[in-house]
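Hi there,

Here is the structure I promised to pass on to you. Please open it and have it beside you while you read my notes below.

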Amino acid sequence: MKKSFTYKLGDHRRIPRSRVWMEGKRLANHGFAAGRRYKRTITANTIVLTADDGGTLAVSGYENRPIIDMSGEVIAGAFAGHAKVTATYAENVIVITGGEA
């Protein structure tokens with residue numbers, strides 16, 4: 001079942017709107033438990049996270065509080081002009097798209 005949530009883009013190292021922070025049970029409930037490997041695909045206005053045993057990235061945090069923290073110029077560039085993003089969760093996939101300007 002797909003579920004969508006809105007996140008505010010945060011600032012990171014003086015780069016405005018360059019951080020997406022996701023945490024908690026909603027990650028674990030959709031296949032992104034702490035320690036799980038995943039890959040990230042970035043296109044204009046969209047980031048897709050896919051759980052993948054061969055992925056180059058890993059979910060951080062603890063068993064009861066997994067965390068995905070993405071930040072930097074790549075995030076600022078992908079969501080330029082947006083103040084918020086919408087994350088749509090499905091099993092083993094999270095699609096993040098630009099939201100409010």
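A residue is called buried when its relative accessible area is under 20%, exposed when that area is over 50%, and partly exposed in between (1.4 Å probe, protein chains only). By that rule, both F32 and Y38 are buried.

Before going further, a word on where this comes from. This is a predicted model, in which local features need pLDDT of at least 70 and side-chain atom pairs count only at pLDDT 80 or more, while totals for chains, interfaces and linings use all residues. Residues are numbered from 1 along each chain as its sequence is written, and side-chain values use heavy atoms, with hydrogens and water left out.

The pLDDT is the predictor's confidence in each residue, from 0 to 100. For the protein chain the mean is 88, with 94% of residues at 70 or more. Where pLDDT is low, predicted coordinates should not be read in detail.

Now the sheet. Strands are DSSP runs (E, at least two residues), numbered from the N terminus, and two of them pair if DSSP finds at least two bridges between them. Six strands make an open, antiparallel sheet in the order β1-β9-β10-β5-β4-β6. Its edge strands, β1 and β6, each pair on one side only.

You can walk across part of it:

- β1 and β9 are antiparallel and joined by six bridges; K3 has Y89 in β9 as its bridge partner.
- β4 (residues 37-43) and β5 (residues 46-51) share six antiparallel bridges, with Y38 opposite A51. In their hairpin, which has two residues between the strands, N45 takes a positive phi near 70°.

Finally, the aromatic rings. Rings of Phe, Tyr and Trp (its six-membered ring) pair if their centres lie within 6.5 Å; planes under 30 degrees apart count as stacked, over 60 as edge-to-face and the rest as tilted. How many aromatic pairs does a search of the whole structure find? The search gives two. F5 and Y89 are edge-to-face, at 5.6 Å centre to centre and 80° between the planes. F5 lies in β1 (residues 3-8) and Y89 in β9 (residues 84-90), so this pair ties together parts 84 residues apart in sequence. Y89 is buried at 0% relative accessibility, whereas F5 is partly exposed at 24%. F32 and Y38 have ring centres 6.1 Å apart and planes at 70°, so that pair is edge-to-face too.

Happy exploring!

Definitions and conventions. Helices (H or I, at least four residues) and strands (E, at least two) are DSSP runs, numbered from the N terminus.
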